[in-house]
Amino acid sequence: MLQSQLFTKTRREAPKDEVAKNAQLLIRGGYLHKEMAGVYSFLPLGLRVLQKIEGIVREEMDKIGREILMSALSPLEPWKQTGRLNSVDVLMRTLGANELSLAKNDSSYILNYSNEELITPIAQQFNQSYKDLPVAYYQIQTKFRNEVRAKSGLLRGREFRMKDLYSFHRDEEDLKRYYEKVKDSYQTIFDRLEIGTDTFITLASGGDFTLDFSHEFQTLCDAGEDIIYLDRTHKIAYNKEIISEENSKKLNVDFAALEQVHACEVGNIFPLNIKFSKAFNYTYTDEEGKQQLVYMGCYGLGPSRVMGVIVEKLSDEKGIVWPRSVAPFDVHMIELQGSNEEVKAEAKELYRELIQEGVEVLWDDRDARAGEKFADSDLIGIPLRVVVSEKTLSAGKFECVERKTGKTALVSISELIGLLRHV
RNA sequence: CGGGCCGUAGUAUACCGGUAGUACGCCUGCUUUGGGAGCAGGUGGACCGAGUUCGAUUCUCGGCGGCCCGACCA
């Protein structure tokens with residue numbers, strides 16, 4: 001893609017209404033446009049990153065579930081059926097539900113903030129025999145929540161991207177088996193997103209759904225709003241919310257001996273057990289012809305929040321440093337002395353060859369000086385910069401700079417392609 | 001939702017009870033071209049409402065919006 005065709009520009013200064021590093025850098029780089037507190041539009045660069053993250057999530061989820069897309073609107077009836085219309089904290093409902101539908105009491109639908117009420121009837125319709133189970137559906141969708149205090153850029157928004165997966169099982173054992181599978185799947189996803197080594201399964205409170213613990217995936221992050229008690233040797237952590245004398249005994253863990261660190265919740269997995277199947281009277285027929293309640297689990301992961309966490313963790317004073325797996329492009333090609341026709345032709349040829357090799361290239365074709373191009377390149381944070389200029393032309397090679405380390409090398413085009421294949 | 005701070009061009013910031021200045025951006029032209037260029041000219045602004053006042057961007061009140069702390073948080 002030509003940088004002149006991105007239709008965004010970088011900013012030299014951070015917006016004054018953002019303190020969070022992720023929001024500052026993503027706005028400065030032209031990835032995001034802020035609409036209101038906790039609500040951002042994704043611009044061309046930002047959308048590419050989001051799609052890379054969601055692509056990885058999708059690839060892994062496809063191994064253990066089927067993708068669907070549920071509606072954002074839903075009728076009130078199923079919410080009345082589970083009792084959540086009134087039991088769930090009203091602040092977590094959307095404005096649509098609070099002010100339009102409920103206050104006026106004249107609407108029969110709401111903008112839903114979670115999807116158990118929709119997925120359970122769907123699963124019920126198609127899976128009524130023990131032969132049909134287990135099944136798992138997932139979606140990647142924009143979620144809306146009336147967050148009372150949106151903050152920290154992409155880390156806590158009123159509108160955000162979420163992958164939610166729901167599984168249905170004939171009994172608790174099968175649910176547990178699948179639950180472990182999702183744990184592994186999540187770890188693979190975070191590894192591929194290159195935050196895996198800093199992401200820990202964390203015991204947390206069960207919330208509405210269970211008296212037992214739920215599991216969160218917490219990534220170490222100074223800007224994160226959770227505090228976890230970390231046991232690095234066993235690669236497990238405990239959310240501050242469950243720290244108590246009682247749980248210390250129950251889990252046989254000395255919390256006082258553990259490291260306390262800030263972290264951001266990037267995923268969570270919940271055993272729902274029979275809460276929702278009971279509400280919808282979702283039973284299946286077993287081998288003996290008897291009706292049995294279905295066991296459910298739900299599993300969330302926030303791609304847009306992950307994007308914010310990656311920026312928080314991997315940026316430096318010059319800008320963002322994307323891991324290759326989520327970077328908007330593989331290579332940032334910087335053309336200098338654009339008025340020199342030979343340089344221009346050389347850049348064009350390199351661009352063509354890289355594209356042909358399947359490399360994703362952002363070509364800075366703008367009529368700008370070197371300093372500005374380098375500064376923008378550092379800010380945007382594409383993993384590899386390749387400079388084409390009179391200097392490199394006379395050397396017969398290209399200058400190649402790794403964003404993360406600043407390591408520079410002069411390479412030929414075949415060496416460059418080899419390098420990109422290798423990474 | 002409680003508390004604190006804040007709201008001035010596209011962005012970041014000054015000043016002021018007498019309708020606003022700077023920098024960057026943007027536009028024109030010339031020069032320049034490996035780390036955010038120089039010169040010249042130009043463009044563009046007080047969140048909304050009420051009150052005080054001869055006069056309000058400035059003071060007061062209310063609203064709306066933003067950030068932070070706390071509470072909350074499938």
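Helices and strands are taken as DSSP runs, numbered from the N terminus. In this predicted model, 46 residues surround RNA strand B. Among the elements, β12 (259-273), α12 (370-380) and α13 (390-395) each supply at least two residues of the surface near RNA strand B. The largest share, eight residues, comes from α12. By residue class, the surface near RNA strand B divides into 19 nonpolar, nine polar and 18 charged residues.

Chain A is assigned two domains, domain 1 (3-70 + 115-314) and domain 2 (331-422). The contact between them takes six residues from domain 1 and eight residues from domain 2. On the side of domain 1 that touches domain 2, one residue is nonpolar, four are polar and one is charged. A distance of 37 Å separates the C-alpha centres of domain 1 and domain 2.

An open sheet of five strands has the order β17-β16-β18-β19-β20, with mixed pairing. β17 (361-364) and β20 (408-411) stand at the edges and have a single partner strand each, so one side of each is left without a neighbour in the sheet. On average, and with direction ignored, neighbouring strands of this sheet are turned by 25° against each other. Within the sheet, β16 (residues 331-335) and β18 (residues 384-388) run parallel and are joined by five bridges; Met 333 has Val 386 in β18 as its bridge partner. α12, which supplies eight residues of the surface near RNA strand B, lies across β16, β17 and β18 and runs at about 175° to β16.

Technical notes. Residues are numbered from 1 along each chain as its sequence is written. Chains are lettered from A and ligands numbered from 1 in the order in which they are written. This is a predicted model: local features need pLDDT of at least 70, side-chain atom pairs count only at pLDDT 80 or more; totals for chains, interfaces and linings use all residues. A residue is near a molecule or strand if its C-beta atom, placed from the backbone, lies within 6 Å of it. Helices (H or I, at least four residues) and strands (E, at least two) are DSSP runs, numbered from the N terminus. Ala, Val, Leu, Ile, Met, Phe, Trp, Tyr, Cys and Pro count as nonpolar, Asp, Glu, Lys and Arg as charged, and the others, Gly among them, as polar. Domain bounds come from an automatic or database domain assignment. Two residues are in contact if their C-beta atoms, placed from the backbone, lie within 7 Å. Two strands pair if DSSP finds at least two bridges between them. Axes are lines fitted to C-alpha atoms, for helices over the stretch in contact, and angles run from 0 to 180 degrees between N-to-C directions.
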